[in-house]
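Here are a few notes to read alongside the model. Have the viewer open as you go through them.

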Amino acid sequence: MTQPAAAPTVQRVDGKHRYEILVDGRTAGLTAYRDHGDQRVFYHTEIDDAFAGQGLASLLVQQALTDTRASGKRIVPVCPYVAKFLKKHDEFADIAEPVTPDVLQWLETVLAH
């Protein structure tokens with residue numbers, strides 16, 4: 001009999017500005033962010049092809065947004081996946097903010113360095 005796979009875990013990796021989802025100790029995906037004042041700007045989410053189709057992106061983003069709330073920050077969904085997730089999960093609507101040209105310009109500047 002094979003052992004059941006361990007439940008995926010999500011961790012915030014501040015030094016890399018991202019949340020990672022781990023499956024059996026392997027990084028299966030990430031959602032990247034940068035903090036801008038009281039905003040956590042999510043700009044990229046990806047799941048490794050080897051782990052596709054398991055609902056990991058949804059789990060990852062849900063836990064990342066829950067942690068963002070616990071950190072007292074607001075969500076800015078530049079990442080299309082995070083924006084789509086927020087449309088389906090209105091429990092985060094109270095801490096979601098619109099993507100503005102100012103935020104996009106700031107993010108572009110930060111990521112260029």
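This is a predicted model: local features need pLDDT of at least 70, side-chain atom pairs count only at pLDDT 80 or more; totals for chains, interfaces and linings use all residues.

1. Helices α1 and α2 pack at an angle of about 80°, their axes 11 Å apart (axes are lines fitted to C-alpha atoms, for helices over the stretch in contact, with angles from 0 to 180 degrees between N-to-C directions). That makes α1 roughly perpendicular to α2, a label covering 65 to 115 degrees.

2. Residues are numbered from 1 along each chain as its sequence is written, and side-chain values use heavy atoms, leaving out hydrogens and water.

3. At the helix pair, Ala57, Ser58, Val61, Gln62 and Leu65 of α1 meet Tyr81, Val82, Phe85 and Leu86 of α2. Beyond its neighbours within four places in sequence, Val82 is in contact with residues including Thr31, Phe42 and Ile75 (contact means heavy atoms within 4.5 Å).

4. Now α3: its buried residues are Val103, Leu107 and Val110 (buried is under 20% relative accessible area, exposed over 50%, with a 1.4 Å probe and protein chains only). They pack against β3, β4 (39-47) and β5 (74-77). On the other side of α3, Pro101, Asp102, Gln105, Glu108 and Ala112 are exposed.

Terms used:
Helices (H or I, at least four residues) and strands (E, at least two) are DSSP runs, numbered from the N terminus. Angles under 35 degrees count as roughly parallel, over 145 as roughly antiparallel, 65 to 115 as roughly perpendicular and the rest as oblique.
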